[in-house]
Amino acid sequence: MKIINGVCKGIDKVNDLLGKIFSVLVLAILAVILCEVILRRLFNSPQIWTQDLTVMLFASYTILICAYGFQKKAFVAVDVVFVMLPKIAQYVLHIVTYLCFLCPFVFWIVPKSFNFFLRAYSTNEQTYSVWAAPTWPVKLCFFIGMFLLAVQTVSEILKQVIGLVEVIRERKGKEAM
């Protein structure tokens, strides 16, 4: 159990650090938008690259912080019925839903996203705008974000299993008394 706890803490620590690092992309998005506003409004000189770059940075930001958001429980959840369930049922429900819904999606999309990136990189794929920016950096971010989400999914499942085992041990300890 200590090894599993250590693995979970290691995964969480890495995703916590990377989530904080990736969150800095918001400042890059802000800088690009500010640049566009200043160039357009003050100098009457709109740029062709700012819209594409804003979209690319925001897409990268969104996908790269998915694992961090999952770890911090930042996604919307409707827990009206869930919180009324006993603790053991909550752990079981988390494990079942993660294994039935999240794992198949994440572990299917990780290799697909890598192929998506490789194709864009090897063919020098570009956006359809006049700027014609390369698309592979965003597609690489998609792969990295999905990989980190897959690893965080493993951590979350292990944490639920640990919680379930602890609840079962507690019940057995109370019954033995």
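**Exercise 1.** Find the residue whose side chain is joined to that of Gln152 by a polar contact, then classify Gln152 as buried or exposed.

Solution. 
- The model is predicted. In it, the side chains of Gln152 and Asp12 form a polar contact of 2.8 Å.
- Now list its contacts, skipping neighbours within four places in sequence. They are Ile11, Asp12, Asn15, Ala67, Phe70, Gln71 and Lys159.
- Relative accessibility of Gln152 is 0%, so Gln152 counts as buried. The cut-off for buried is under 20%.

**Exercise 2.** Describe how helix H3 packs with H6.

Solution. 
- Two packed helices are described by the angle between their axes and the distance between the axes.
- H3 spans residues 50–64, and its axis lies 8 Å from that of H6, at an angle of about 10°.
- Angles under 35 degrees count as roughly parallel, and H3 and H6 are therefore roughly parallel to each other.
- On the H3 side, the contact uses Met56, Ala59, Ser60, Ile63 and Leu64. H6 supplies Val138, Cys141, Phe142, Ile144, Gly145 and Met146.
- Sorted by class, this H3–H6 contact holds nine nonpolar residues, two polar and no charged ones.

**Exercise 3.** Locate Thr97 and state which backbone oxygen its side chain reaches.

Solution. 
- Thr97 sits in helix H5, residues 87–122.
- Its side chain reaches the backbone oxygen of His94 at 3.1 Å.
- Thr97 has 27% relative accessibility, so Thr97 counts as partly exposed.
- Finally, compare sequence and space: Thr97 and Ile157 are 60 residues apart in sequence, and 9.9 Å apart C-alpha to C-alpha.

Notes: Residues are numbered from 1 along each chain as its sequence is written. This is a predicted model: local features need pLDDT of at least 70, side-chain atom pairs count only at pLDDT 80 or more; totals for chains, interfaces and linings use all residues. Side-chain values use heavy atoms; hydrogens and water are left out. Buried means under 20% relative accessible area, exposed over 50%, partly exposed in between (1.4 Å probe, protein chains only). A polar contact is a pair of N or O atoms within 3.5 Å; within protein, one must be able to donate a hydrogen and the other to accept it, and residues adjacent in sequence count only if both atoms are side-chain atoms. Contact means heavy atoms within 4.5 Å. Axes are lines fitted to C-alpha atoms, for helices over the stretch in contact, and angles run from 0 to 180 degrees between N-to-C directions. Helices (H or I, at least four residues) and strands (E, at least two) are DSSP runs, numbered from the N terminus. Angles under 35 degrees count as roughly parallel, over 145 as roughly antiparallel, 65 to 115 as roughly perpendicular and the rest as oblique. Ala, Val, Leu, Ile, Met, Phe, Trp, Tyr, Cys and Pro count as nonpolar, Asp, Glu, Lys and Arg as charged, and the others, Gly among them, as polar.
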